[in-house]
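The following exercises concern a single protein chain. Each task is followed by a solution in steps.

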Amino acid sequence: MLYRSLAHTSKTASSWSSKPLTSLRPLAFPLAPAAASSPQQPIPALSASSRRTTMSSSTQLLQSILDANETYAAAFAQSDPALLRKLAQGQSPKIFWLGCSDSRVSAELSTGVAPGSIFVHRNIAQCFHPGDPSASAALAYAVHVLKVESIIVCGHTGCGGVRAGMQAAVDAKVKEDAGETVEPPKPGSVDDTIAKWIAPIKSLASPHAHAASDPLSTLELATLTDEHVRATVEAVAASDLVRAAWDEGRDLSVHGWVYHVATAKLRDLDCGFKGPGVRADSLSRPATYADSEPADAEN
Ligand SMILES: [Zn+2]
């Protein structure tokens, strides 16, 4: 089932990185990676009170997150009160980030920048579907109200949405070869909802479905991830919203990156644009898939 493919992700938690983007203000203090914790692994810095022993695990987790927020707020107020006051006045981010909803891939955590640096829209597998009002509204606001200077489409390794799209293409190919009819999922069901969302990724994967290995290999999925990011960069660059900014002579570039969950490294795909049909400056660092994976990785 599609949603099972979608849920097939590594349980490796992303590690905290404090490395900042050089042109942006870094977060001035380290934080506990609360988002990586789970009810089975409570946030270490927090001690459970006796009243929590009667709470459900989800309530305990939420209490821990609120406790972590108190720690975060106190550290923020102590280390950078000027930034807090500035943020209270408004935002002026220079970057718009279109990323996946995956819990391991955060725009701010992966770049180490402070709040106020990146305007973010996330959905499953960082799609930019024509007619999706949510992604379009976020892009419109970022480009034409906030006047961002760069757009980053960021995919990641181990993406459940990409896997589901590839698996759907393979399953359809197998049934087609067997002469079986592909029954559409029940409207409104989980499979129907996911199938509609990942349909463009399935289409992208279809030409490769006949040669796909069983089970799908890490490298096959990584290749499709790159291809999907490139296609999304082209779709964003071709949108009326971005074209309008370029028509105004605005300095605006669109880039495609991939976040490697196993190393927390970002890889630029060197597929960007800074005008209609005009390639963006190359950022290539690091340049290859292998450079961004663990040295002992098996592909
Ligand atoms: Zn993903």
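**Exercise 1.** Determine which residues Cys100 contacts, and whether Cys100 is buried or exposed.

*Solution.* Step 1: apart from neighbours within four places in sequence, Cys100 is in contact with Val105, Arg122, Ile124, Ala125, Gln126, Gly155, His156, Cys159 and Gly161. Two residues are in contact if their C-beta atoms, placed from the backbone, lie within 7 Å.

Step 1: Cys100 counts as buried because it has 22 C-beta neighbours inside 10 Å. A residue is buried if 20 or more other C-beta atoms lie within 10 Å of its own, exposed if 12 or fewer, and partly exposed in between.

Step 2: Cys100 is located in strand β1 (residues 95–100). Helices (H or I, at least four residues) and strands (E, at least two) are DSSP runs, numbered from the N terminus.

A note on the basis of these solutions: this is a predicted model, in which local features need pLDDT of at least 70 and side-chain atom pairs count only at pLDDT 80 or more, while totals for chains, interfaces and linings use all residues. Residues are numbered from 1 along each chain as its sequence is written.

**Exercise 2.** Describe the largest nonpolar core and the surroundings of Phe96.

*Solution.* Step 1: the largest nonpolar core has 58 residues, and those with the most contacts inside it include Phe96, Trp97 and Val143. A nonpolar core is a set of buried Ala, Val, Leu, Ile, Met, Phe, Trp, Tyr and Cys residues joined through C-beta atoms within 7 Å.

Step 1: helix α8 (residues 218–237) gives the most to this core, with 7 residues.

Step 2: beyond four places in sequence, Phe96 touches Phe119, Leu139, Ala142, Val143, Val148 and Ile151.
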